[in-house]
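Me: Please go through this model with me, question by question. Begin with the strands, then turn to the helices and the rings.

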Amino acid sequence: MKTAMDLVAAAKAQVAEIPVTDAEAAIRDADVLLDVREAEEFAAGHLPGAIHASRGLLEFKLSGSAQLASRDLSFVIYCKTSGRAALAAVAMREMGYLNVKSIAGGFDAWAAAGKPVHKPELPAFE
């Protein structure tokens, strides 16, 4: 019987992971930067320019979006630490997407490296 970590390890063996040091260049070269964390995580802060599609709804969001229909689009995806992103990348490959890369270490590694994080501003009621 496989565990979640077994599935993640198998996914990571199939996925192109890019180190945080190379992530900015990969993002510039990509067509889409995709955050597959949960909505609350995305709202608390995300990579600038990222669009959100939580891992649980990813296949449905991709299937329902004409802008993301081309299997030739270049994606960089991430989650908190890279496990969900690896699973998402495998699912995307099974859907026929040809160019999907994951950020090694995910959002946590990005933030720890001092890279920019977009945090939405809350309205002031003063």
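Me: Which residue of β5 does Val 76 stand opposite?
Reply: This is a predicted model, in which local features need pLDDT of at least 70, side-chain atom pairs count only at pLDDT 80 or more, and totals for chains, interfaces and linings use all residues. Residues are numbered from 1 along each chain as its sequence is written, and side-chain values use heavy atoms, with hydrogens and water left out. Helices (H or I, at least four residues) and strands (E, at least two) are DSSP runs, numbered from the N terminus. In β5, the residue opposite Val 76 is Lys 101.

Me: What is the bridge partner of Ser 74 in β5?
Reply: Two strands pair if DSSP finds at least two bridges between them. Strands β4 (residues 74-78) and β5 (residues 99-103) pair in the parallel sense over 4 bridges. For Ser 74, the partner in β5 is Asn 99.

Me: In what order do the 5 strands form the open sheet?
Reply: The edge strands, each pairing on one side only, are β1 (16-18) and β3 (51-52). β1 pairs with β5 in the parallel sense over 3 bridges, and Ala 16 has Lys 101 as its bridge partner there. The pairing in the sheet is parallel, and the order is β1-β5-β4-β2-β3.

Me: Why is α1 called oblique to α5?
Reply: Axes are lines fitted to C-alpha atoms, for helices over the stretch in contact, and angles run from 0 to 180 degrees between N-to-C directions. Helix α1 (residues 4-12) packs on helix α5 (residues 83-94) at about 60°, with the axes 8 Å apart. Angles under 35 degrees count as roughly parallel, over 145 as roughly antiparallel, 65 to 115 as roughly perpendicular and the rest as oblique. The angle therefore makes α1, relative to α5, oblique.

Me: Which class of aromatic pair do Phe 75 and Tyr 97 form?
Reply: A search of the whole structure finds 1 aromatic pair. Rings of Phe, Tyr and Trp (its six-membered ring) pair if their centres lie within 6.5 Å; planes under 30 degrees apart count as stacked, over 60 as edge-to-face and the rest as tilted. Phe 75 is in strand β4 and Tyr 97 in the loop between α5 and β5, 22 residues apart. Their ring centres are 5.3 Å apart and the planes lie at 85°, so the pair is edge-to-face.
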